[in-house]
Amino acid sequence: MGNSFDGAAAGSPVKRGFVFGISIVAAALLFVAGVISILAGISALNKDTLLVLNDDYVFKLDLTSWGWIHLIIGILAVIIAGGLVVAADWARVAAIIIAALSIITQFLWLPYYPAWAILIIAIDVIVIWAVASWKPNALAE
């Protein structure tokens with residue numbers, strides 16, 4: 001017994017279109033999360049004055065370290081989103097891994113930018129759900 005996608009998407013063009021739509025949504029959301037992480041990384045590397053720092057945080061890293069972490073995760077997310085668009089096999093696993101790493105990073109980033117971090121965590125959760133529920137073999141049938 002499986003979920004509602006087991007074998008169901010193979011039959012109708014509407015369901016195959018839904019599966020394809022999930023993959024595009026996952027790629028688009030991962031791309032957006034990646035771009036936002038890149039911008040947050042650049043902002044941190046430039047020591048932007050809009051960045052609010054909290055000195056009482058246990059997982060404290062200097063601003064340059066946070067900048068590099070966000071920049072690297074963002075660049076990887078954008079590359080993986082491109083892989084999802086072309087339905088590369090490696091991109092599905094990589095998307096789940098990078099979204100999970102992004103969730104961890106954003107959790108640690110919460111004291112610095114709570115609204116941003118919560119938004120990206122929500123996007124990453126949706127990306128993981130979309131990629132995990134997407135069955136690319138249904139497109140070929």
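Here are some questions and answers on how the terms apply to this predicted model.

The model is predicted, so local features need pLDDT of at least 70 and side-chain atom pairs count only at pLDDT 80 or more, while totals for chains, interfaces and linings use all residues. Residues are numbered from 1 along each chain as its sequence is written, and side-chain values use heavy atoms, with hydrogens and water left out.

Q: Why is S102 called buried?
A: Buried means under 20% relative accessible area, exposed means over 50%, and partly exposed is in between (1.4 Å probe, protein chains only). S102 has a relative accessible area of 4%, so S102 is buried. S102 lies in helix α3 (residues 89-109).

Q: What is S102 in contact with, leaving aside its neighbours within four places in sequence?
A: Contact means heavy atoms within 4.5 Å, and S102 meets that with I73, I120 and D124.

Q: Is L63 buried or exposed?
A: L63, in helix α2, has 16% relative accessibility and therefore counts as buried. Across the protein, 38% of the 141 residues count as buried.

Q: Why is I72 called partly exposed?
A: The relative accessible area of I72 is 46%, so I72 is partly exposed. I72 also lies in helix α2.

Q: What makes the nonpolar surface patch, and which residues are in it?
A: W68, I72, I75, L76, I79 and W90 make a patch of about 610 Å². Patches are made of residues with over 30% relative accessible area and no salt bridge: like charges are joined within 9 Å, nonpolar side chains (Val, Leu, Ile, Met, Phe, Trp, Tyr) within 5 Å. A salt bridge is a side-chain nitrogen of Lys or Arg within 4 Å of a carboxyl oxygen of Asp or Glu. Areas come from the Shrake-Rupley method with a 1.4 Å probe; for residues, only the protein chains shown count as cover. Helix α2 (residues 63-85) gives the largest share of the patch, five residues.

Q: How many residues does the largest nonpolar core have?
A: The largest core has 23 residues, and V131 is one of those with the most contacts inside it. A nonpolar core is a set of buried Ala, Val, Leu, Ile, Met, Phe, Trp, Tyr and Cys residues joined through side-chain atoms within 4.5 Å. Helix α1 (13-45) gives the most to this core, with six residues.

Conventions: Helix = DSSP H or I, 4+ residues; strand = E, 2+ residues; numbered from the N terminus.
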